[in-house]
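Me: I have a structure open here and would like to go through it slowly, one piece at a time. Could you help me read it?

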Amino acid sequence: MSQSADETKRVLSPYQFELPSTQGKLVEIFRKSGTTLTVVCFLGTECPLAKLYGPRLQQLSEKYASQNIDFIGVNSNLHDSMEECRSYAKSHGVTFPMLKDVGNKVADAYEVTRTPEVVVVDSNFEIRYRGRIDDQYQPGMSRAKPVRQDLKEALEELIAGKPVSRALTEPVGCLIGRVPPTKTTTSLTYAKEISRILQRHCVECHQTGEIGPFALTDYDEVVGWGEMLVEVVDQKRMPPWHANPSHGDFANARWMSEEDKEALRNWVAGGMPFGKKEDLPPPLKPQTVWQLARQPDLVLNMSPKPFQVPPEGVVEYQYFVVDPEFKEDKWVTGAQVIPGNRSVVHHAIVFIRPPDGSNFQGIGWLSGYVPGQKPLTMQPGYARLIPAGSKLVFQMHYTPTGSPQTDTTQIGLLFDDEQKITHEVFTLVGINQDFEIPPNDPDFKVHGNIEKLPSRGELLAMTPHMHLRGKSFQTSITSQGKKEILLDVPHYDFNWQHFYELQKPISLAKIDSLNFTATFDNSSKNPVNPAPHEYVSWGDQTWEEMAVVFYAVAQPRKTVSTTAKADNTESNQSKTKNDAEADQIVAQFFDRFDKNKDGKIYREELPISMNSFGFNSLNRDGNEYLSKDEIYNLAIKQLKRRQK
């Protein structure tokens, strides 16, 4: 029997296909008469980048509809159901057809590997472009905006009748979850070995309701992500931990052993067999909302109304001031920050803003949230002080996910009686704001140290902080001329704001200084560098830079003597001297920054170096400007601290 011309064409063209859509219809490539180009978009329902690019592809489909260019979405993931495809299209505003490629046959024919990945096919079934949509994202990294919009450039060139200048680009995203080979070549099984490895290293975040974009608690889901799991483990992107194992011993370290890594590789390569159901481990107990010693004594929202997170773009740091209306001092033995929407909260820090004149140490760090990290463990008798009348400042960093979102982050607090508190916990900051990174410098170093340390104190934890040009970070101690590295982060990653909790506190009694070195890469080789050609100085936003390390410290509380008071002559003399020095500091500060000489310093009058750790820490009353009283009180406080 002879074949028709159409049937012959179908046989000869591996790029021609017909697949079921989420609307229940069979959809064929070039189904519309007059279509000149078809953009085949390979997407996944849980891939973070596929979520971000869904709306962009929809916008492009609308832009080029008048040019007879058609867009078709194809889902080839083994672990994505038709219902999940339908939900993805609805939540991300995708109206072009979404098709299900059962058995990944179309993905194989088009030789695509990732989601999102696009292929532009002309009416003769020739591939004219293959690869990414644009260059905004790389593995574990992102630019504020794309430099080159590859798909758009290709379409414009094809419309103009020109050859595509860059017809092949490297796609970035999640590996397509293909059907595993039927032949099994390993004795390792999901039920016996792999499920336990995932419970040890992954399930903490990758379960329903947690920050992980997909769950790893079910075999059918894990099989679809098998190759992707091996890739992120081999690239050391997961589990997220960036400390050099040669230095420091950390209580919250996330190390996957080489034995576990090899088992995961062999299982995926060997066909990913399930094994026997009776070999499955008991499921992990669901994590409670609050991972504190008990339910919080007080829960505070960052704001009465949720914050509206846009679907895309860069969201500047958001600040929310909360007045807990404390009439007396509060001693906090536990604090936990919980995002209202974990998918968009990159990280959060809550600071204490004490009232003027309060006896308060450190910079006011209270607690923070980083995906997958538990709150800092407090020993019995250890607590942070929140002075009466203090306010709490939420610093929020949001990351859009491709669809509009809302968030109301909370903090939960545990209190204890002052009589039970033996050690006060506070945060010292190592900071250097006086730097300027030259253009195209791949290895610019900024140094800093703290020499004024509590002699009876002990170091509990460290949190380095840099921005997009951050390359590496190292902090050390100096004692009797000898240097010892406490923490070495050879590959700093802005996406993970880790705190590193020491296994055993380090006594500061014989420590001369805490030191740090922050190294920045301001070259074009840094893929997330927003502007290699510019000078970079201190600033609050991600395209600026910071060189900061927070040190969590504890020291025994001071006891009050019951003996007769000593002569106050010396202290009175010190007070008089402090008053004079403080007045001089205020005069110099206002002479330098009060540009309109109105006795008030507004944020815009300050240099870029005076950011959240400057203006916000000085601005005690939460209004729009700094007063002379605020600067005076801070100066007095610093002068007294030097004399201790």
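Me: To start with the helices, is the crossing of H6 and H9 left-handed or right-handed?
Reply: H6 passes H9 in a left-handed crossing, where left-handed means that the near helix is turned anticlockwise from the far one by less than a right angle, and right-handed means clockwise. Before going on, please note that this is a predicted model, in which local features need pLDDT of at least 70 and side-chain atom pairs count only at pLDDT 80 or more, while totals for chains, interfaces and linings use all residues. Residues are numbered from 1 along each chain as its sequence is written, and side-chain values use heavy atoms, with hydrogens and water left out.

Me: OK, and what counts as a helix or a strand here?
Reply: Both are DSSP runs numbered from the N terminus, with helices being H or I of at least four residues and strands being E of at least two.

Me: At what angle do H6 and H9 cross, then?
Reply: The axes of helix H6 (residues 190-201) and helix H9 (residues 258-269) cross at roughly 130 degrees and come within 10 Å. Axes are lines fitted to C-alpha atoms, for helices over the stretch in contact, and angles run from 0 to 180 degrees between N-to-C directions. That makes H6 oblique to H9, because angles under 35 degrees count as roughly parallel, over 145 as roughly antiparallel, 65 to 115 as roughly perpendicular and the rest as oblique.

Me: Which residues make that contact?
Reply: From H6 there are Tyr190, Ile194, Ile197, Arg200 and His201, and from H9 there are Asp260, Ala263, Leu264 and Trp267, where contact means heavy atoms within 4.5 Å. By class, the contact of H6 with H9 has six nonpolar, one polar and two charged residues. Here Ala, Val, Leu, Ile, Met, Phe, Trp, Tyr, Cys and Pro count as nonpolar, Asp, Glu, Lys and Arg as charged, and the others, Gly among them, as polar.

Me: What about H2 and H5, how do their axes cross?
Reply: Helix H2 (residues 48-63) and helix H5 (residues 150-159) have axes that come within 11 Å and cross at roughly 15 degrees. That makes H2 roughly parallel to H5, and the crossing of H2 and H5 is right-handed. Leu57, Leu60 and Lys63 of H2 make the contact with Leu151, Lys152 and Glu156 of H5, and these residues divide into three nonpolar, no polar and three charged.

Me: Switching to rings, how many aromatic pairs are there?
Reply: The structure holds 21 aromatic pairs, and rings of Phe, Tyr and Trp (its six-membered ring) pair if their centres lie within 6.5 Å, with planes under 30 degrees apart counted as stacked, over 60 as edge-to-face and the rest as tilted. One of the pairs is Tyr53 with Tyr137, which is edge-to-face, at 5.7 Å centre to centre and 85 degrees between the planes.

Me: Why does that pair tie together separate parts?
Reply: Tyr53 lies in helix H2 and Tyr137 in strand S9 (residues 137-138), so the pair ties together parts that are 84 residues apart in sequence.

Me: Now the sheets, what is the order of the four strands in the open sheet?
Reply: The order is S14-S19-S16-S17, with antiparallel pairing, and two strands pair if DSSP finds at least two bridges between them. Strand S14 (318-322) and strand S17 (365-369) are the edge strands, each pairing on one side only. Five bridges join S14 to strand S19 (residues 391-398), and the bridge partner of Tyr319 in S19 is Gln395.

Me: And the open sheet of eight strands, what is its pairing?
Reply: Its pairing is mixed, in the order S12-S21-S15-S18-S22-S31-S25-S28. Strand S12 (298-301) and strand S28 (500-507) stand at the edges with a single partner strand each, so one side of each is left without a neighbour in the sheet. The twist averages 40 degrees from one strand to the next.

Me: Last topic, which bonds are cis?
Reply: The peptide bond from Thr115 to Pro116 is cis, with omega near 0 degrees, and Pro116 is in the loop between strand S6 (114-115) and strand S7 (117-122). A cis peptide bond also joins Met238 and Pro239, with omega about -15 degrees, and Pro239 lies in the loop between helix H8 (226-234) and H9.
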